[in-house]
Amino acid sequence: MLHRSQQILFNHSVGEGYYLIGFSCAKMAEHAKPGQFLMLRMNDQAWEGKLSRPFSISNVKDDIIEIVFETVGKSTHNLAGAEKGKEVNVIGPLGNGFRVEKDADIHVLVAGGIGIAPFPYLATQILQECPESKVIALLGVRSMSRLLLTKFFEECDIELKVSSDDGSVGHHGLVTELLSEELNVLDEKEAAVYACGPDPMLKAVAAITVGMDTPCQVSMEEIMACGVGACLGCARKVREGDGWTYKMVCKDGPVFDAKDVIFDED
Ligand code: FES
């Protein structure tokens, strides 16, 4: 884990309310794994409060770390307006990251909105480690205007299927309906599922894959104050043996096997 002050190299929109920011740090880039995250803050009044916020590592290109984020409050709105050269305080890489399922022939990435943020790096890693395999990305958005990162998947020749809540693009409905369709036509032993998004989506993904011979990992979204396991603020119930225990999303996750997570109202 590194703690650095980094200058923003680039910062631009990648969809309505979504931004891609990049900075150069060879050491972080060397150690970063797909699915890991950074704690980041700006060092001035532009940031609300004193705490850093978690941001998924979206991609790593040579020594450049990329982050894709959604503007959801004052801090992220100001981060969206931060110009090249602006200093940001960064701690990371943090968390465990995704495990590439090397035995799978088809890797299905399932994302809800900004949950797609870690998938460019994961897809790149899968294609590097398993060049004979196929990657399919499923993205659920509220409407066409909220699409993001589609260009990345086009450029990598990765099949991207989209669903939208309002039917303005792709399948009119839930991204988990697309997942069910995919898994219905695949040999479950050949596929692996990786999901990132809001809890109800992850819960549905887990329900679809439970009982199947398809490994499924879910990256949990959680509010994080420290990001390193110290504040106990990101505890989630996870199955252990015949019972359950609390695990920290920041330190033990954010990626868990779907079958281990106890979702609300389970
Ligand atoms: Fe503090 Fe996870 S954010 S323990």
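**Group meeting: a barrel and a domain contact**

I start with strand 1 (2-15) and strand 6 (residues 87-94), which run antiparallel and are joined by six bridges. What I show is a predicted model: local features need pLDDT of at least 70, side-chain atom pairs count only at pLDDT 80 or more, and totals for chains, interfaces and linings use all residues. Residues are numbered from 1 along each chain as its sequence is written.

Strands here are DSSP runs of E with at least two residues, numbered from the N terminus. Two of them pair if DSSP finds at least two bridges between them. In general, strands of a sheet pair through backbone hydrogen bonds, either parallel or antiparallel. Within the pairing I opened with, Gln6 stands opposite Val88 in strand 6.

Now the barrel. It is closed, has six strands in the order 1-2-5-4-3-6, and its pairing is antiparallel. From one strand to the next the twist averages 45°, with axes fitted as lines to C-alpha atoms and angles running from 0 to 180 degrees between N-to-C directions.

Next, the domains. Domain 1 covers 2-94 and domain 2 covers 106-221; the bounds come from an automatic or database domain assignment. Their centres, taken over C-alpha atoms, are 24 Å apart. The contact takes 13 residues from domain 1 and 14 residues from domain 2, where contact means C-beta atoms, placed from the backbone, within 7 Å.

Which strand gives the most to the side of domain 1 that touches domain 2? Strand 4 does, with five residues. Strand 1, strand 4 (53-61) and strand 5 (64-70) each supply at least two residues of that side.

Definitions and conventions
Contact = placed C-beta atoms within 7 Å. Helix = DSSP H or I, 4+ residues; strand = E, 2+ residues; numbered from the N terminus.
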